[in-house]
Amino acid sequence: MTGDGTRSVRAGIPAPVAYEPTLPGPVFAAHFHLPGEAAGPYTYGRDTNPTWTHLERAIAELESPDESAEAVVFASGMAAISAVLLSQARSGDTVVLPDDGYQALPLVREQLEAYGIEVRTAPTAGDAQLAHLDGAKLLWIETPSNPGLDVCDVRRLARSAHEAGALVAVDNTLATPLGQRPLELGADFAVASGTKGLTGHGDLLLGYVVCRDPRLAARVRTWRKVVGAIPGPMEAWLAHRSLATLHLRADRQAANALALAEALAKRGEVTGLRYPGLPSDPSHRLASAQMRRFGCVISFDLPDRAFAERFLEALRLVDDATSFGGVRSTAERRGRWGGDAVAEGFIRFSVGAEDAPDLIADVERALDEAGAAS
Ligand SMILES: *Cc1c(COP(=O)(O)O)cnc(C)c1O
C-alpha cells in the first residue's frame with residue numbers, strides 16, 4: 001500500500017548508489033559507447049536514453065501502480081496522440097473520436113482521413129460515442145472533455161468497445177494520473193500531454209503513452225523511433241523532477257478550483273459554470289465514480305465578448321494565457337481561437353496554487369470592474 005504522495009516523490013527513482021544523486025541528471029548523448037555487438041540497453045539517442053527510462057518508469061507507476069505497465073514518452077502530447085492513432089489504425093479501419101475534445105483533434109481527423117481511415121465523431125456527454133462503435137478499430141475518449149468539461153463513463157464505454165472488438169484510448173491530460181487511472185477503468189492506452197498538470201510549471205512540452213499490453217507498447221515505441229518524436233533529455237529530466245510535487249499541486253489546485261467554483265456559483269453575471277468537483281455539476285456523480293481528484297480547470301460564460309475581455313484585463317493574479325494545469329492561474333477567452341463550439345464570452349480558467357482567498361478576491365474584483373464598465 002503506497003499513497004499518492006509517497007508514490008509521487010519516489011516514482012521512477014533508481015535504487016540508491018553511493019555518492020550519486022537521488023535523481024540522476026539528464027544524460028546528453030546522441031550515441032553511446034558500443035563495442036562489438038549492439039546488445040546494450042543504450043545505443044543511439046533516438047531509440048533510448050537513460051533519462052527517459054527513469055521518467056517512463058515513474059509515469060507507468062503513476063498510471064498503473066498495481067499492475068505492470070510500460071510508458072513511452074514523447075516530445076509533446078500531440079506526438080503521443082498521433083503515435084497511438086497512427087501506429088494502430090490502417091487504411092480501411094474506423095476510429096471513433098469525440099467531437100468536443102482537444103482543439104487539434106479536427107486536424108488529426110483530416111490526417112486520418114487522408115490515409116483512408118474512416119472517422120466517426122460524437123459528443124462526450126451522455127456516452128454518445130457508444131452508438132458509433134460498430135466495426136470500429138479504436139475508440140478515443142477524452143474525459144473530462146476540454147474545454148466543455150463533460151464527463152463520460154470510461155468503464156461502460158471500454159466494455160462496449162471491447163465487445164465490438166475496438167481498442168480504447170483515454171486522453172488523461174486534464175485529470176493527470178492522480179485524478180484518474182484509465183487503465184484501471186478498462187482502457188488499453190492512457191495517453192496525455194505532460195505539458196499541463198503533470199509537470200505543472202508551464203516551462204516544457206512532453207507527452208506519454210502508457211499500456212499494460214507489451215505488444216501495444218512495442219508498436220508505440222517503434223512509431224516513436226520511426227518518426228523521431230522524442231523528448232530532449234533536459235525536458236525529460238525536468239518533467240521527472242516536477243513529478244515530486246504532483247501530489248501537492250494536484251491537491252492544492254483542486255481545492256482552490258472547488259473554492260473558486262463555489263464563489264463563481266454565487267455571481268449573477270456567471271452562467272454555464274462547469275467544474276466536475278462541484279456537487280451541483282451535471283457530471284459530478286459520474287466523475288465521483290471514476291475520478292480521484294477533479295482537476296484544476298473551470299469553465300463558465302460571461303455575458304459577451306467585451307465583458308470577458310474586460311474581466312481578463314482586470315485580473316492581476318491570473319495571466320491571460322492558453323494551456324492549463326500550471327501552478328500560476330491562467331484564464332482565456334476560448335473563442336479567440338475559433339474551432340471550439342463555445343460562446344463569445346466563454347472563459348476557460350486554470351486554477352493555480354495561490355492562496356484561495358487571494359485568488360477569489362482577485363476574480364470577484366475583476367468581475368465587479370468588468371460589470372461596472374458595461
Ligand atoms: C494540450 C493538450 C493536448 C496536446 O498536448 P501538447 O503537449 O500541447 O502537444 C492534448 N490533449 C489535451 C486534452 C490537451 O489539453
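Predicted model: local features only at pLDDT ≥ 70, side-chain atom pairs only at ≥ 80, totals over all residues.
Reader: Which helix gives the largest share of the shell around the ligand?
Author: The ligand is surrounded by 14 residues, and Met78 and Asp171 are among the closest. By class, this shell holds five nonpolar, six polar and three charged residues. Its largest share, three residues, comes from helix α3 (residues 77–88).

Reader: How many Å separate a nitrogen atom of the ligand from an N or O atom in the side chain of Asp171?
Author: Asp171 is listed with Ser193, Thr195 and others as closest to the ligand. Polar contacts are counted within 3.5 Å. The pair formed by a ligand nitrogen and a side-chain N or O atom of Asp171 is separated by 2.7 Å.

Reader: What percentage of the area exposed by the ligand alone does the protein bury?
Author: An oxygen atom of the ligand lies 3.3 Å from a side-chain N or O atom of Asn146. A ligand oxygen atom is also 2.7 Å from a side-chain N or O atom of Lys196. Taken alone, the ligand exposes 380 Å², and the share of this that the protein buries is 94%.

Reader: Which modified residue does the UniProt annotation covering Lys196 name?
Author: Lys196 is located in the loop between β6 (189–193) and β7 (207–211). Its contacts beyond four places in sequence include Tyr102, Thr173 and Phe324. The record, an unreviewed UniProt entry, annotates Lys196 as N6-(pyridoxal phosphate)lysine.

Reader: Is Lys196 buried or exposed?
Author: A residue counts as buried under 20% relative accessible area. The relative accessible area of Lys196 is 10%, and therefore this residue is classed as buried.

Reader: Why is Glu56 classed as buried?
Author: Glu56 belongs to helix α2 (residues 50–63). Residues up to four places away in sequence aside, Glu56 touches Ala71, Val72, Val73, Arg221 and Arg224. The cut-off for buried is under 20% relative accessible area. Glu56 is buried because its relative accessible area is 9%.

Reader: What is the relative accessible area of Leu85?
Author: Leu85 is part of helix α3. Beyond four places in sequence, Leu85 is in contact with Val95, Val108, Leu112, Leu138 and Trp140. Leu85 is buried, and its relative accessible area is 1%.

Reader: How many Å apart in space are Leu85 and Val220, C-alpha to C-alpha?
Author: In sequence, 135 residues separate Leu85 from Val220. In space, the C-alpha to C-alpha distance between Leu85 and Val220 is 9.4 Å.

Definitions and conventions:
Residues numbered from 1 in each chain as written. Heavy atoms only, no water. Near = heavy atom within 4 Å. Polar contact = N/O pair within 3.5 Å; in protein donor to acceptor, adjacent residues only side chain to side chain. Areas by Shrake-Rupley, 256 points an atom, 1.4 Å probe, with all protein chains shown as cover. Helix = DSSP H or I, 4+ residues; strand = E, 2+ residues; numbered from the N terminus. Nonpolar A, V, L, I, M, F, W, Y, C, P; charged D, E, K, R; others polar. Buried < 20%, exposed > 50% of the residue type's maximum accessible area, 1.4 Å probe, protein only. Contact = heavy atoms within 4.5 Å. UniProt positions renumbered as here; feature names shortened; annotations may be inferred.
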